[in-house]
Number of protein chains: 2
Amino acid sequence: MANTTTDDSRKENNQDLTLERSNASFNINEITEIIDGGVDKTKFRKEMEKLLFDDPLFKDFYKTFFKTRSELYEESIARGVKLFSLRQKYKWTDEQFEVIEDLVNHLFGMSLHFTMFIPSLERLATETQKAKWLPLATNFKILGTYAQTEMGHGTYLQGLETTATYDPVTEEFILNTPHKSSMKWWPGSLGKSSTHALVQAVLIINGKNYGMHPFMLQLRSLDNHMPLPGIEVGDIGPKMTVNYNDNGFLLLKNVRIPRQHMLMKHAQVSSDGKYTSSGPNKAIYATMVLVRVKMTKWVHDALRKAITTAVRYSAVRHQSKMDDSGPEPQILDYQTQQYKLFPVLADTYALFFMSRNLRRQYNRMMEDIRNKGSYKMLAEIHSISCGLKGLSSKIGIDGASICRTACGGHGYLMVAGISEVLGLLHSVVTAEGEYTVVCLQTARYLMKQIAKVSVGEVVTESCEYLNVDPQSFSCPLQTPADCFNLTFLCDIFRNRANSLIRSVASRLQIAIESGTPQHIAMNNNLQSLVRVAEAHSETIMVLDFTAAVTSLRTSPETIKVLTSLCQLHALHTIVKHAGDFMETESVGLEQIKWIREQELKLLEIIRPNAVALVDAFDLHDDSLGSLLGVYDGNVYERLYESTKYNPMNQNVVHPSYHKYLKPLMSGEMISKL
Amino acid sequence: MANTTTDDSRKENNQDLTLERSNASFNINEITEIIDGGVDKTKFRKEMEKLLFDDPLFKDFYKTFFKTRSELYEESIARGVKLFSLRQKYKWTDEQFEVIEDLVNHLFGMSLHFTMFIPSLERLATETQKAKWLPLATNFKILGTYAQTEMGHGTYLQGLETTATYDPVTEEFILNTPHKSSMKWWPGSLGKSSTHALVQAVLIINGKNYGMHPFMLQLRSLDNHMPLPGIEVGDIGPKMTVNYNDNGFLLLKNVRIPRQHMLMKHAQVSSDGKYTSSGPNKAIYATMVLVRVKMTKWVHDALRKAITTAVRYSAVRHQSKMDDSGPEPQILDYQTQQYKLFPVLADTYALFFMSRNLRRQYNRMMEDIRNKGSYKMLAEIHSISCGLKGLSSKIGIDGASICRTACGGHGYLMVAGISEVLGLLHSVVTAEGEYTVVCLQTARYLMKQIAKVSVGEVVTESCEYLNVDPQSFSCPLQTPADCFNLTFLCDIFRNRANSLIRSVASRLQIAIESGTPQHIAMNNNLQSLVRVAEAHSETIMVLDFTAAVTSLRTSPETIKVLTSLCQLHALHTIVKHAGDFMETESVGLEQIKWIREQELKLLEIIRPNAVALVDAFDLHDDSLGSLLGVYDGNVYERLYESTKYNPMNQNVVHPSYHKYLKPLMSGEMISKL
């Protein structure tokens with residue numbers, strides 16, 4: 001029942017894929033609409049695909065792999081300028097623009113202008129300041145970014161070193177990056193593009209340190225783009241990916257800005273240097289949470305590209321023989337290939353339902369804040385989003401790495417697109433809160449919750465399972481078939497997290513009671529704390545996926561196939577951490593054997609729908625950016641075709657032949673030594 | 001007691017590193033000499049470092065990250081030509097040249113000329129053919145590569161499609177790549193550099209297929225380097241790494257070559273088209289084994305770069321606080337950072353001792369072949385090298401990925417060097433035998449060995465543990481301290497592998513006895529077979545490392561610190577696969593708890609020697625190619641300095657400002673829409 005789209009480019013299908021598609025047991029449009037968020041949104045996305053991918057500027061994403069950094073940067077600026085102009089023309093909402101960002105793989109310059117510069121102004125500037133700068137920003141008279149991270153400090157904000165010293169005589173702040181470690185390093189769009197930046201700097205008045213505050217700083221002349229006096233700015237260099245972005249550095253040497261350029265909504269400095277503050281700004285934390293919430297979705301977006309490519313290519317690629325007499329099977333028919341890919345496919349769906357639920361929780365929290373001024377949910381959502389951002393990035397890297405190697409040698413080509421996805425996911429691990437640091441945030445929250453349980457206080461919803469005594473738990477799996485029971489699986493996940501949390505809490509308590517200083521007791525248990533954050537986050541993912549598939553309003557066929565994926569996600573996670581589950585006696589020797597067997601059965605169940613399940617993501621070839629994963633499956637033709645655009649092939653004889661190879665072959669080179 | 005070298009570049013050390021080095025409990029030179037293979041070899045290496053890195057062509061490896069592909073290729077050709085000329089001048093042996101290849105990170109063009117083209121000629125050509133081509137090759141009159149892999153087939157050689165059809169009228173072979181999938185795709189140095197290739201093609205005489213045979217084919221004119229008629233050749237495009245290499249494609253359309261261009265040592269075609277063969281060529285398999293043996297060492301070489309960088313950087317980087325009152329600690333003091341890095345450090349040493357032993361076994365086998373004509377050891381060494389090549393690549397990727405993320409944001413910069421290492425290791429997984437395929441080779445061998453046990457036959461040395469009945473095993477760990485007993489740990493590894501092997505063998509037997517066709521029974525157990533290959537290979541690594549540290553002739557301090565690493569390698573591997581070890585009852589609930597505790601204790605034991613243990617690899621900064629891992633620890637200064645060489649900073653204002661940003665800011669862009 002799988003539908004195919006009507007795009008011309010999708011007509012000539014590889015026969016293997018045609019057969020795979022005709023074998024699907026469900027209608028892929030049902031899943032596509034769930035993922036887009038409704039039929040109207042699917043329609044909008046498809047319209048945008050038409051608008052964008054008819055334009056040569058956005059077509060053939062894979063060709064970006066042939067460009068130099070400078071060409072890539074220039075292309076991204078051209079794209080950014082086009083998208084900004086179209087945004088102005090069509091008056092797209094922020095939500096609509098997010099769809100477009102995803103379609104073009106975020107590959108456009110100056111994206112922080114809308115995602116960080118303008119929102120930060122709105123959040124941190126006074127009404128007067130907003131009246132001055134917002135119109136300039138929204139009309140592109142100035143182009144801005146947000147400069148916080150320094151060479152010496154990232155996640156640990158208290159360590160930032162850039163200073164803004166108030167001079168009451170001239171009513172100015174003097175900005176400095178006193179050491180090498182103080183220079184701003186990493187902010188996106190800073191190196192070559194932005195004219196302005198919101199700079200986070202330590203405020204100093206009369207020698208007193210008031211901590212980090214935001215300042216509006218003009219970096220470059222609006223006439224000729226030259227950096228202003230006292231400002232050194234540039235690109236930090238090539239990265240694993242995102243090389244279209246001019247992540248920049250910024251050195252400041254006695255740069256004077258008017259007092260009014262400190263953003264004063266939450267803290268003020270008067271002309272005579274008096275400091276006032278309206279207290280800690282919780283809204284800032286909410287914004288920080290939003291970034292992490294979004295990142296869990298980005299991991300899904302990235303991983304679905306890798307798994308789409310790997311599954312389609314595995315259906316097209318034939319290799320080796322199972323049986324001497326038979327033909328070479330599709331590699332997707334090997335159990336080992338299924339064991340690599342189907343758990344990643346299941347994880348990709350798990351990420352979607354988790355991130356959707358996380359965004360819904362975040363939205364409820366924001367409503368609470370807006371309507372009732374209540375920040376009650378903030379601590380819990382913060383703890384959940386930290387752990388899930390961390391876990392997502394790990395699942396993403398592992399999954400993309402598996403997809404890369406599952407595509408064999410050809411997966412190593414940049415035009416396979418998976419290497420790019422892997423590089424992008426690597427950035428998610430460390431950006432916006434380093435993995436270990438965010439896991440420890442979650443773990444600290446869990447330690448507080450379990451402390452509540454021990455004194456009979458009420459815990460938050462995400463930690464309700466802590467109310468159960470693990471001593472009273474016995475594994476609910478009585479037969480192999482029970483391994484498909486999602487209620488049982490959820491209980492097993494809860495028990496494992498509960499046991500691990502209690503065990504580290506009790507070790508911490510014993511250490512502290514026996515006189516170990518708290519920070520040493522903490523450091524001695526740091527790894528266990530990371531482990532409980534992971535266990536807790538994995539539990540949430542299984543619970544979210546289960547809740548989603550048991551409440552979907554769609555056809556039974558679609559529910560059935562998504563349920564298999566949910567089961568596989570849960571069982572595979574248990575197998576991955578079999579030690580954890582056995583050590584906490586969440587499963588026993590017999591059960592783990594059943595789980596491994598049933599996991600393999602699920603591979604067979606999923607096999608006929610594998611291609612349809614990636615088709616359901618409905619990624620346009622120009623978004624996918626992979627020649628191995630193209631919808632029509634004409635992989636070998638595309639690979640060969642791509643060599644024509646490879647700059648290395650622009651000359652039949654490379655110039656280095658004349659410089660080096662010819663003199664070597666003539667003996668000239670050796671006689672010169 | 002750690003020694004520092006006397007290089008000028010190493011004088012101004014970061015104070016943290018100076019202190020770390022003075023705290024080491026052992027003399028690093030002792031380990032350096034073990035790794036180099038003796039004091040003379042250390043001396044030779046250091047002389048070569050001086051020779052190479054005084055030459056601007058080989059200095060500052062990190063600057064390669066700023067180059068375009070075409071520049072990188074050209075630089076690699078310049079380097080290759082220089083190295084070939086020096087090789088000629090100094091008459092370096094193959095073994096000496098291997099040292100040099102490692103020092104320059106294999107970053108030079110035409111390397112297959114010496115590693116594949118000439119050795120294959122020596123192995124496959126007749127004496128007459130050798131007399132003709134070898135002098136041309138060794139004097140660089142022709143430049144050659146080896147072309148086997150095709151677009152449609154890699155590891156599965158029987159699937160190759162390129163044809164060489166004999167024409168007895170003209171006494172020529174006609175070479176063709178009949179389909180897109182048949183074109184050669186991947187061979188190194190093929191795209192732009194080589195004048196000749198040894199092409200593997202299916203021999204056809206009178207319509208009969210004689211399977212794969214090697215042919216000498218001239219690709220390009222020796223006058224002007226233009227491809228010859230019927231030959232289309234080019235570069236396949238950018239890859240995850242090794243972008244200096246012109247991995248190529250080759251299409252052949254009725255290319256005629258003289259009969260004498262088939263390499264006829266092992267099989268012959270007479271002028272009238274009669275085929276003769278001297279039987280299967282076991283020497284070819286031995287060569288294939290050698291490549292995999294070498295690859296296990298390359299993984300060590302690559303991983304030691306990543307771990308050197310991550311450990312040094314973690315000693316230099318200070319971040320966050322454990323205790324509100326204290327300073328920001330070195331990140332290496334956090335338990336979580338140690339838990340990331342020290343197991344990788346231990347794995348890196350484990351890889352060294354394993355690969356050294358594997359090479360020694362290989363050499364013994366070759367002596368047997370040369371002296372006695374006995375291929376007795378071939379099957380066993382083949383099975384060991386398959387599994388260890390697979391396992392190494394996995395340990396390498398996981399380890400490099402950990403090092404990358406452990407360096408936070410800065411680790412994401414290309415000049416950190418780890419991304420390059422990670423990319424390189426990704427190639428090891430799929431090149432020269434895809435991971436799953438090689439694991440299954442090992443597993444099939446294990447199945448044969450266990451079958452021997454069941455009928456009372458003698459098994460080979462690497463499988464001797466199969467003679468024990470797992471039923472008779474009880475975990476030898478009686479106290480937490482027993483977890484440091486390497487003899488006990490080796491037994492635990494043996495039992496886990498033994499149990500897993502027996503269990504899959506018995507499942508296979510039951511399936512086949514109950515009538516399941518063998519190939520289906522195999523496919524249903526494929527994943528379990530991969531698992532037993534991994535378990536067997538992990539056992540060999542622990543056994544090799546243990547044998548090495550218990551037989552070293554060096555100071556007690558050095559033995560002590562290497563023993564700690566060996567213990568950590570073993571315990572961490574158990575923790576990683578805790579499920580496996582518990583499911584096979586190799587350890588129980590209590591023991592796994594002890595193992596986790598003792599693993600954390602080892603982190604504290606290793607901490608004071610961590611920097612010295614990476615210093616002992618004695619990597620020259622120009623080999624390391626990482627600005628985060630530089631010996632002097634002046635990381636921030638180097639990062640800032642590197643921006644001066646970044647092409648993106650060659651103009652203060654990027655040209656795209658005038659093309660796109662200025663028109664956007666002036667409103668011109670939007671009015672044009």
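Me: What makes H16(B) and H18(B) neighbours in contact?
Reply: Contact means heavy atoms within 4.5 Å. In this predicted model, residues of H16(B), among them Leu568(B) and Leu571(B), meet residues of H18(B), including Ile595(B) and Leu602(B), so the two helices are in contact by that rule. The residues involved divide into 11 nonpolar, four polar and two charged; Ala, Val, Leu, Ile, Met, Phe, Trp, Tyr, Cys and Pro count as nonpolar, Asp, Glu, Lys and Arg as charged, and the others, Gly among them, as polar.

Me: How is the packing of H16 and H18 of chain B described?
Reply: Two packed helices are described by the angle between their axes and the distance between the axes. For helix H16 (residues 556–576) and helix H18 (residues 589–606) of chain B, the angle is about 145° and the axes are 9 Å apart. Angles run from 0 to 180 degrees between N-to-C directions, and axes are lines fitted to C-alpha atoms, for helices over the stretch in contact.

Me: Why is the meeting of Glu583(A) and Arg596(B) called a salt bridge?
Reply: The term requires a side-chain nitrogen of Lys or Arg within 4 Å of a carboxyl oxygen of Asp or Glu. Here the N to O distance is 2.8 Å, so the pair qualifies. The rule finds eight salt bridges across the interface of chain A and chain B.

Me: How many residues of each chain are in contact across that interface?
Reply: 133 residues of chain A touch 133 residues of chain B.

Me: How should I read the names and values?
Reply: Residues are numbered from 1 along each chain as its sequence is written, and chains are lettered from A in the order in which they are written. Local features need pLDDT of at least 70, and side-chain atom pairs count only at pLDDT 80 or more, while totals for chains, interfaces and linings use all residues, and side-chain values use heavy atoms, with hydrogens and water left out.

Definitions and conventions: Helices (H or I, at least four residues) and strands (E, at least two) are DSSP runs, numbered from the N terminus.
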